[in-house]
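Subject: Structure handover

Hello,

Here is the structure I promised to pass on. Please open it first, then read the notes below it.

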Amino acid sequence: KRMGMIQSSDMNDDGSGLKLEAQVPLANMFGYSTELRSLTQGKGEFTMEYFKHTPVPRQTQDELMDKYKLERLEKEAAA
């Protein structure tokens, strides 16, 4: 769903919690905190830190370019 790659997972010594480390595109993280709280009855926590910059997939590039071109044409037509 979020196109992430799990890097590691560790269970607490008492088995009460799980720590996951994953790499996920920033754009796919919006709304995650709300979803996590809902799924864990408010007990789940997460942190994020920058890892690296990578190009978006070609399909996403094409979608963004098409959207930009359409908006530009609409703006020119309105002027």
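Let me start with Arg58. Arg58 is exposed, at 54% relative accessible area. The scale is this: buried is under 20% relative accessible area, exposed is over 50%, and partly exposed lies in between (1.4 Å probe, protein chains only).

Some ground rules. This is a predicted model, where local features need pLDDT of at least 70 and side-chain atom pairs count only at pLDDT 80 or more, while totals for chains, interfaces and linings use all residues. Residues are numbered from 1 along each chain as its sequence is written, and side-chain values use heavy atoms, with hydrogens and water left out.

Salt bridges

Arg58 has a partner. Its side chain meets that of Asp62 in a salt bridge, 3.4 Å from N to O. The term means a side-chain nitrogen of Lys or Arg within 4 Å of a carboxyl oxygen of Asp or Glu. Both residues lie in helix H2, four residues apart, about one turn of the helix. Helices (H or I, at least four residues) and strands (E, at least two) are DSSP runs, numbered from the N terminus. Asp62 is partly exposed, at 29%.

How many salt bridges does the structure hold? There are four. Another one joins Glu76 and Arg72, with the closest N and O atoms 3.7 Å apart. These two are also in helix H2; they are separated by about one helical turn because they sit four residues apart. Arg72 is partly exposed, at 46%.

Glu21 and Lys19 form a salt bridge too, at 3.6 Å between the closest N and O atoms. Glu21 is partly exposed at 39%. Lys19 is partly exposed at 48%.

The hairpin

Glu21 leads on to the strands. In S2, Glu21 is the bridge partner of Ser8. S1 and S2 pair in the antiparallel sense, over six bridges. Two strands count as paired if DSSP finds at least two bridges between them. Together S1 and S2 form a hairpin, with six residues between them. In the turn, Gly15 has a positive phi of about 75 degrees.

There is a nonpolar surface patch here. Ile6, Met11, Leu18 and Leu20 make it, and its area is about 440 Å². Strand S1 (5-11) and strand S2 (18-23) each give two or more residues to it. Patch residues have over 30% relative accessible area and no salt bridge; like charges are joined within 9 Å, nonpolar side chains (Val, Leu, Ile, Met, Phe, Trp, Tyr) within 5 Å. Areas come from the Shrake-Rupley method with a 1.4 Å probe, and for residues only the protein chains shown count as cover. Ile6 belongs to strand S1. At 60% relative accessibility, Ile6 is exposed.

Arg2

Is Arg2 buried or exposed? Arg2 is buried, at 16%. It is in the segment before S1. A polar contact of 2.5 Å joins its side chain to that of Glu35. Such a contact is a pair of N or O atoms within 3.5 Å; within protein, one must be able to donate a hydrogen and the other to accept it, and residues adjacent in sequence count only if both atoms are side-chain atoms. A polar atom of the Arg2 side chain also lies 2.5 Å from the backbone oxygen of Asn28.

Best wishes
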